[in-house]
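Hello,

Here is the structure I promised to pass on. Please open it alongside this note.

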Amino acid sequence: YKSDIVRACIRPKIKAVGKLLPKHIQRLKDGIKVNDVTYMRFLLEEPNPLMTGQMLQEKVAMQLALNNNAFILIIRDDFERATELYPIPCVGVEAIYIDNILYLKFTYRNGKTDMFPYSEIIHLRNDYYNNDIFGESPAPALAPLMEVVTVTDQGIIKAIKNSGVIRWLLKFATGNRPEDIKKATKDFADNYLSIESDTFGAAGINSSTEAQRIEPKDYVPNALQQANIINRLYSFFGVNEKIVQGNYTEDEWNSYYEIAIEPLALQMSGEYTRKLFTRRERGFGNSIFFDANNLACASIKTKLALQAMVDRGAMTPNEWRETMNLAPVEGGDTPIRRLDTAPTNTTADEGGE
């Protein structure tokens, strides 16, 4: 996390996850509706007194990107309804079974520990491979690459510091005592190299002494080598230069969304749903859905073309206005439909009459 390149790689994903809008929806026989239950709406908007839902999602996404594991603790009331959600900032976690019930034991930076049942933890993970519970840590794969980055940066810094340094080697033809050599060298440096000297820029030496200039040769990685290292980091985190710098096109962002954001949004929807609702509540169609409408990357031309979706009732006027960053209007939450786009059976019935 201390690396500027790593932060640049994970920041687009973190900000995108923060913009996902969690919604409590219910699937009924007559369709899907947004269930505006007060306690759940407040839980998703303000999961705890310290942060909003957006900040919680960003913090969890940061932990997931760096550790391939992220944990959220669920606090419930006397009626077993979730009332608060807290991200767990642990430095270590251990799985423990007690009476065939899975618990997670967390270790914090101050050395203290806590243990919670797994049923009260929203657990997000990446690189889910060998371990039955946890995602694989990215450290073994990332550490050698970060070492190369560190060595490269240090080499550049050292080369810059030494770029203005000129070294000299004085060769004495006659045998001198060590103290005489040291004194002659100091006199040469004081007279020739010191900017405070009266003779700065000019120095005199006798015929028995030879002054040889030595240019420093420091290794400086070329632009291609540095670009290859950065591209390896980009590939590791699934981004590219355009995504990092925010100069992507509509299609480029959609590709990044499908690869990096959508899988995480689906995982969050599934994990939130199964941990915040009982099996009975899920049986009645209750679930949490993370809406990516705020992540839509579309040109003005594409947004204007969405009016066809409004005409066909696929979008409400207010949903379309939201894509244009316009305020909602009264009555705009009711779907509308042009007469020439009515359902097929309705048109047939009217024609039969």
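The second largest pocket has a volume of about 500 Å³. Bear in mind that the model is predicted.

A total of 13 residues line this second largest pocket. Lys 23, Thr 316, Glu 319, Glu 322 and Asp 333 lie nearest its centre. Two elements, strand 1 (21-28) and helix 12 (317-323), each supply at least two lining residues. Helix 12 gives the most, with three. By type, the lining of the second largest pocket splits into five charged, four polar and four nonpolar residues.

Now the largest pocket. How much space lies in it? About 980 Å³. Its lining is made up of 35 residues. Closest to the centre are Met 62, Gln 63, Leu 66, Asn 67 and Arg 109.

These elements give two or more residues each to the lining of the largest pocket:

- helices: helix 1 (4-18), helix 3 (53-67), helix 4 (139-162) and helix 6 (223-237)
- strands: strand 3 (69-76) and strand 5 (92-98)

Which element has the largest share of that lining? Helix 3, with seven residues.

The lining of the largest pocket holds 21 nonpolar residues, alongside seven polar and seven charged ones.

For a first look, centre the view on Lys 23, Thr 316, Glu 319, Glu 322 and Asp 333 for the second largest pocket. Then go to Met 62, Gln 63, Leu 66, Asn 67 and Arg 109 for the largest one.

Best wishes

Terms used
Residues numbered from 1 in each chain as written. Predicted model: local features only at pLDDT ≥ 70, side-chain atom pairs only at ≥ 80, totals over all residues. Heavy atoms only, no water. 1 Å grid on protein atoms, 1.4 Å probe; cavity = no way out; pocket = protein on both sides within 12 Å on 5 of 7 lines; lining within 4 Å. Points joined across faces, edges and corners; volume = space filled by probe spheres on them. Helix = DSSP H or I, 4+ residues; strand = E, 2+ residues; numbered from the N terminus. Nonpolar A, V, L, I, M, F, W, Y, C, P; charged D, E, K, R; others polar.
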